[in-house]
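Try each task yourself before you read its solution.

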Amino acid sequence: MLDMNVKQRTIQSEIAISGIGLHTGEIVNMTIKPAAEFHWYKFKRVDLDGQPVVAVDADNVSDTSRGTTISQNGATVSTIEHLMAAFVGLQIDNVLIEIDGPEVPILDGSSRIYVEKLLEIGFVDQEADRDYYEIKDNVAYVEKDRKVEIIAMPLDGYRLTCMIDFNSSVLGSQHASISNISEFRAEIASSRTFCFLHELESLLNHNLIKGGDLSNAIVIVDKEVSKDELDKLSGLFNKTVEVANEGILNNIQLRYQNEPARHKLLDMIGDLALVGRPLKGHIMAARPGHAANAAFAKKIKAQMRRDKNRKNMKVYDPNTTPVYDTVQIMNILPHRPPFLMIDKILELSDTHVVGLKNVTMNEDFFTGHFPGSPVFPGVLQIEAMAQTGGILVLNTVPDPENWLTLFLKIENARFKNQVTPGDTIIFNCELLEPIRRGIARMKTVSMVGDKVVSEAELMAQIVKVKGN
């Protein structure tokens, strides 16, 4: 865990930062304040009634067209990525940002000034351990039409690699990387945003980038430019504009030869703050942008939720004394071998039931279902779920032997891992709503050990057997 905080961290005291919003052109005042453990990053719009709070969260992303915008509680904050990158790069976990406008100041187009101000104020380690999310398995995101690829891989650290390629003779293909987040301050923080000249002209024509003054962006000249066009830009920005040898406007000098790639890496660090926790892993990206970064953050968040659900799942001892053994199950269900798909009931309440099946090579279907590579059929896993749920529903009548449980609907069935002879499947079935008129909606998750193998939502109804 080289150079990574063990404890959560906030800032020593509050700090005020003011500047112009890139797109609104309005002066914005921010006060960054210390926050409690597990707070993460939140904005408070102090200029709006009720001072609504907007959490930095992938679920709150509302726009990615010209930066990353988040919205919540009727409030919006845009262009958050450079400030977020500063927090992540300095391993700050908890702050509240009070802001009196809809857009974070652009400053010099990088994270440098934010980093300098935060370093001046200093940090405080908190009592709680840092709430890392560790990438355990590869998480990938692909946009084939834009040739975007992002992948997160397991690593005890936070390493990032970025490649950009705009099919431009001036910019070309560039790479940037850091082997540890502690390198952010020196290698990435001062890299400024960039745009192409044709994009600049379009933004100006649409009355956007009102806060742009050619001091906060690298402008890449990707076409022949006439003197009249340069004179027009000089008049708009009140500054003599020419094309430098590097193929950029002479408004600024490059801080690094690959500054655009470094800035894309900066944006990625800031946008991945949307997962809501510090990360451990190696992130590799080809041609990333705000939209892809936000989508990738959502994908990591979804994986975090799945991991949390798996972690909270109870592991059952198959050798525990059952509520019902096989003989008792056959007194309730009409099924018989070879179509009886559960061997034991381990738990039973008014709202849930847990069933067990030992999968053996003696199952009749293995003689014809992939006999060379035996796999327990998914459709029979669904049947086993239904039989387990049947026990739950039949538990509501005094004479279950006189009733049948019939399928009405199967939804959201997923098969995640193979089940093979020698496995013991645990079916955990819970009601999604109270049973009404003998109709039950249930969700069943099937596990082998601590691994989810299948899941589905089922609707079933019990009906009285005729003549009984």
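Predicted model: local features only at pLDDT ≥ 70, side-chain atom pairs only at ≥ 80, totals over all residues.

Residues are numbered from 1 along each chain as its sequence is written, and side-chain values use heavy atoms, with hydrogens and water left out.

**Exercise 1.** Work out how many disulfides the structure holds.

*Solution.* Start with the rule: a disulfide is a pair of cysteine sulfur atoms within 2.5 Å. Apply the rule, and you get zero disulfides.

**Exercise 2.** Is Cys 162 buried or exposed?

*Solution.* First, the cut-offs: buried means under 20% relative accessible area, exposed over 50%, and partly exposed in between (1.4 Å probe, protein chains only). Next, the value for Cys 162 is 0%, so Cys 162 is buried. Cys 429 also has 0% relative accessibility, so Cys 429 counts as buried.

**Exercise 3.** Find which classes of residue line the second largest cavity.

*Solution.* Step one: list the lining, which is Lys 409, Ile 410, Glu 411, Leu 432, Arg 441, Glu 457, Leu 458 and Met 459. Step two: sort by class (Ala, Val, Leu, Ile, Met, Phe, Trp, Tyr, Cys and Pro are nonpolar, Asp, Glu, Lys and Arg charged, the others, Gly among them, polar).

Notes. 1 Å grid on protein atoms, 1.4 Å probe; cavity = no way out; pocket = protein on both sides within 12 Å on 5 of 7 lines; lining within 4 Å.
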